[in-house]
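Please read each point with the structure open.

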Amino acid sequence: MKGISASKIISSGLKIILPLFAAGMILWWMYRDFDWEELRRALSYEMNWTWMWLSMPFGVLAQVFRALRWRQTLVPLGERPRVHTCINAIFMSYASSLVVPRVGEVLRCGLLRRYEQTPFTKALGTVVTERMVDSILILLLAMISVLLQIKVFMVFFAETGVSIEGLFGRFTMAGFWVTVASILAILVLVLILAYKLAWFSKTKNLFRDILDGILSLRKLKNIPLYLFYSIGIWVAYFLHFYLTFYSFSFTSGLGASAALVAFIVGCFAVLVPTPNGAGPWHFAVKTVLVLFGVAAQQGVMFVLVVHTLQTLLVLLLGVYALLAFVWTKPKEKREADMIES
């Protein structure tokens, strides 16, 4: 393969293999004793599919809100990409992250560069900004969930006598190796990211453009609209998750506060770089459900069904966006056509 170094091939391979390996190990550990016949019976006769379908539009709405908010931060920088380009770029970014975690952030900036001539580094700066805003909102939601459920946690630990020693005593060899694999995957991906950033730093005006993107919030003309999009994203994500509780008899009575705890814990779990949080998300949400009285087997079933269907939604939106981009003219092509006409 002429022109491609061995280190680049290894780097690209690791970005795909390690997250898949980490996800696979965690999922194998969780489902090694799972009753698949019970899952088939639940899907066929016991699930309330109406609530599952009702949850899906909120998954779409969250991504649309993210695209609209992204476009709003680009306007103060003198960039006015088309709305549908921003939406499809977000759809593509989430779908691509199913293969290589976190690659979507780079891909959507590249798509805006390709179809709207938006400078890549400016777009990247606004992405950094939105991640900062999202982190603040998630931390606030986490604080709210802890305050709402602090009594539940205290009662649980008091009645079960769970201790640090007890937790480590239940930590099996399989669990140990899953944890080690996840930590190694994170370290390798951090090193790869550091290498990429070092390479990018050689690009002229990179940091200036990124800084402009980060500081774009200062020039926003409609702060209330930005806050509406930001809060709307997480409200939509929460409803996308919460409504699925009503699809199962064993979660339908848990209530919104229990769902909020599971939602927040799941948000932190997906920080482990696996495709769409597969593995860590399953384990974290299932653990919270057990905390609220759901049987372990039922909790495992819930996270498997919900995560699979929500991942399929992300995939379908990505396919839609891919087809839409086939029919989307780049900015320079549109301008050329206008001159000719």
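1. Leu-313 is a residue of helix H13 (residues 296-326); helices here are DSSP runs of H or I with at least four residues, strands are runs of E with at least two, and both are numbered from the N terminus. The model is a predicted one, in which local features need pLDDT of at least 70 and side-chain atom pairs count only at pLDDT 80 or more, while totals for chains, interfaces and linings use all residues. Residues are numbered from 1 along each chain as its sequence is written, and side-chain values use heavy atoms, with hydrogens and water left out.

2. Leu-313 has a relative accessible area of 14% and is therefore buried; the classes are buried under 20% relative accessible area, exposed over 50% and partly exposed in between, with a 1.4 Å probe and protein chains only. Apart from residues up to four places away in sequence, Leu-313 touches Met-56, Gly-59, Val-60 and His-240, a contact being heavy atoms within 4.5 Å. Leu-313 and Val-60 are separated by 253 residues in sequence, yet their C-alpha atoms are 8.3 Å apart in space.

3. Ala-95, in helix H4, is also buried, at a relative accessible area of 13%. Its contacts, leaving aside neighbours within four places in sequence, are with Val-314 and Gly-318. Between Ala-95 and Ala-321 the separation is 226 residues in sequence and 9.4 Å in space, C-alpha to C-alpha.

4. For the protein as a whole, there are 14 helices and zero strands. Of the 341 residues, 45% are buried. Among contacts with a separation of 6 or more, 78% are between residues 24 or more positions apart.

5. How do helix H3 and helix H4 pack, and at what angle? Helix H3 (residues 49-74) and helix H4 (residues 83-96) pack at about 125°, with their axes 8 Å apart; axes are lines fitted to C-alpha atoms, for helices over the stretch in contact, and angles run from 0 to 180 degrees between N-to-C directions. H3 is therefore oblique to H4, given that angles under 35 degrees count as roughly parallel, over 145 as roughly antiparallel, 65 to 115 as roughly perpendicular and the rest as oblique. The crossing of H3 past H4 is right-handed; a crossing is right-handed if the near helix is turned clockwise from the far one by less than a right angle, and left-handed if anticlockwise.

6. The H3 side of this contact consists of Val-60, Gln-63, Val-64, Arg-66, Ala-67, Leu-68, Trp-70 and Arg-71, which meet Val-83, Cys-86, Ile-87, Ala-89, Ile-90, Phe-91 and Tyr-94 of H4. By class, the residues of the contact of H3 with H4 are twelve nonpolar, one polar and two charged. Here Ala, Val, Leu, Ile, Met, Phe, Trp, Tyr, Cys and Pro count as nonpolar, Asp, Glu, Lys and Arg as charged, and the others, Gly among them, as polar.

7. H3 also packs with helix H10 (residues 223-242), at an angle of about 160° and with the axes 8 Å apart. H3 is therefore roughly antiparallel to H10. H3 and H10 cross in a left-handed sense, and their contact holds 15 nonpolar, eight polar and two charged residues.

8. How many salt bridges does a search of the whole structure find? The search finds eight, a salt bridge being a side-chain nitrogen of Lys or Arg within 4 Å of a carboxyl oxygen of Asp or Glu. One of them joins Arg-69 to Asp-134, with the closest N and O atoms 3.1 Å apart. This pair links distant parts of the chain, as Arg-69 is in helix H3 and Asp-134 is in helix H6 (residues 120-160), 65 residues apart. Arg-69 and Asp-134 are both buried.

9. Arg-108 pairs with Glu-130 in a salt bridge whose closest N and O atoms are 2.5 Å apart. Arg-108 belongs to helix H5 (residues 103-116) and Glu-130 to helix H6, so the pair ties together parts that are 22 residues apart in sequence. Both Arg-108 and Glu-130 are buried.

10. Asp-134 also forms a salt bridge with Arg-131, at 3.5 Å from N to O. Both residues lie in helix H6, three residues apart, about one turn of the helix. Asp-134 counts as buried at 3% relative accessibility, whereas Arg-131 is partly exposed at 31%. A network of salt bridges links Arg-66, Arg-69, Glu-105, Arg-108, Glu-130, Arg-131 and Asp-134.
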